[in-house]
Amino acid sequence: MPWATSAPTATVSLPGDDAPFAPTEPSRPAASPSGASVLGGGLDRPLPSRKPSGELPPELLGASSRGASLVIEDGTRRSSSMSWVLLGLMVLAGILLAGYLAYPVFRDRNAAMPVEAVAKKEEAVQALRSDDAPSREQAIQNLKALATAHPKYAEVQAELAVAYTLQLGDLHAEFDRLTLQSNALKRNIDEVTTAKASPGWMAQSNALHDDLREAERAMQPLRTEIAERRKGLDALMETLRAAPDVEPAATVAARLKAQALYAAVTGAPNALALAERLRQAELKPVWSVLARAEYALGSGSPATIQAVSEELGALRAQDRYLFRAFVLGARLALRQGDPDTARGLLDEVVALNPKHDLARRMLAQIAASAPSP
């Protein structure tokens, strides 16, 4: 049968032919007189033994060496296993990160809009810049058709809400115009009644009262229409607020645009906060400036109105065909008692867009309110 061999743990000397066969103690070589390493000597020199510190019996030395080997081998095995575990965790984390980044594309793979639908949406958005009632109504009809054909197109829903909000803003502008007209008529009535300077002051006072009653009658249906439009817009805004956790940046900006503008027109407490979020999401500050201006008209202090007026001036310098910035600037100028600035802005709107009826009505009111030469 074959013999199992093992590596020697120490150098041993074999007995001579005449010596009895018995195990011998490991020999201890003499120290090298030159101090050179024993590895540099000939093959006939015995190797030095590595005796551990302390006096252990020879039979325990082997066991101790084997135990240390097992500990080292086990530690190496555990370190290798831990490395594989860490590597696996890193790979898993990479897969999860890649999946998270790719989720918007995966989620929207069935909601990708045709090029024609995107072009029609952009055309409607461009029409809203004209700011006149006919162009806005046409844009609303186009956006409604797109929303019906592509119900998952969130940007269309957002732009539709913007268009409705602009209509609501015009109703507020008309209401403000009638309010300013009523206040001016009341001042004129007080002046005529107090002075009684002309023989026909009574007839003049009666005519002013008729104009005042007409203005107040026109304000009543506006109140009703504003309330009804707000009620309908509230439902649409709720659908826009229920946004998914992750979506494209353009869709996020469109949702913020609609929410910020609606909050500003209705004077919501979070209007300025939403306008700031929109400013951070916009490529250029445009609609965030318009939103702050709408809010300032309803709830702004004189300092706020002045600051927003300057922002609108910078916006008009960059974009001459964003007529909403001109109309809002005129309204703010009238609020500050500056009809000349308002007239200049409205004249420019009418010159570039003759269909802008609100600008025409505001110009007529400024002319009627001007003092007689």
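**Notebook: a helical chain and its salt bridges**

I began at D210, which is partly exposed, with a relative accessible area of 41%. The model I am reading is a predicted one. Next I looked up R213, and it is partly exposed too, at 39%. The side chains of D210 and R213 meet in a salt bridge, 2.4 Å from N to O. Both residues sit in helix α5, which spans residues 201–241. They are 3 residues apart there, so about one helical turn separates them.

**Entry: the whole chain**

I stepped back to count elements. The protein has 12 helices and 0 strands. I then checked burial: 32% of the 373 residues are buried. The accessible surface comes to about 23500 Å². Carbon and sulfur atoms hold 59% of that surface. I also looked at contacts with a separation of 6 or more; residues 24 or more positions apart account for 62% of them.

**Entry: more salt bridges**

A search of the whole structure gave me 23 salt bridges. I picked out R136 and D170, whose closest N and O atoms are 2.9 Å apart in a salt bridge. R136 lies in helix α3 and D170 in helix α4, so this pair ties together parts that are 34 residues apart in sequence. Are these two buried or exposed? R136 is buried, with a relative accessible area of 3%. D170 is buried as well, at 14%; the cut-off for buried is under 20%.

I moved on to R324, which forms a salt bridge with E294 at 3.1 Å between the closest N and O atoms. This pair links distant parts of the chain: R324 is in helix α10 (residues 323–335), E294 is in helix α8, and they are 30 residues apart. Both R324 and E294 are buried.

**Entry: D131**

D131 made me stop. It is not a glycine, yet its phi is positive, at about 70 degrees. I found D131 in the loop between α2 (115–128) and α3 (133–149). At 1% relative accessibility, D131 counts as buried.

**Entry: V162**

I looked up V162 in helix α4, residues 154–195. V162 is buried, with a relative accessible area of 0%. Leaving aside neighbours within four places in sequence, V162 is in contact with L128, K257, A258, L261 and W287. I also checked V162 against A260: they are 98 residues apart along the chain, and their C-alpha atoms are separated by 9.5 Å.

**Entry: α8 and α9**

Helix α8 (residues 287–299) packs with helix α9 (residues 302–318) at an angle of about 145 degrees. Their axes are 9 Å apart. I noted the crossing as left-handed. On the α8 side, V289, L290, R292, A293 and A296 make the contact. On the α9 side, I wrote down T304, I305, V308, E311, L312 and L315.

S309 is also in helix α9. S309 is buried, at 18% relative accessible area. Beyond neighbours within four places in sequence, S309 is in contact with L332 and Q336.

**Entry: a nonpolar patch**

M82, V85, L86, L89, L92 and L96 make a nonpolar patch of about 590 Å². I placed M82 in helix α1, residues 58–107.

Technical notes:
Residues numbered from 1 in each chain as written. Predicted model: local features only at pLDDT ≥ 70, side-chain atom pairs only at ≥ 80, totals over all residues. Heavy atoms only, no water. Patch = residues over 30% accessible without salt bridge, like charges linked within 9 Å, V, L, I, M, F, W, Y side chains within 5 Å. Areas by Shrake-Rupley, 256 points an atom, 1.4 Å probe, with all protein chains shown as cover. Salt bridge = Lys/Arg side-chain N within 4 Å of Asp/Glu carboxyl O. Helix = DSSP H or I, 4+ residues; strand = E, 2+ residues; numbered from the N terminus. Buried < 20%, exposed > 50% of the residue type's maximum accessible area, 1.4 Å probe, protein only. Contact = heavy atoms within 4.5 Å. Axes fitted to C-alpha atoms, helices over the stretch in contact; angles between N-to-C directions. Left-handed = near helix turned anticlockwise from the far one by under 90°.
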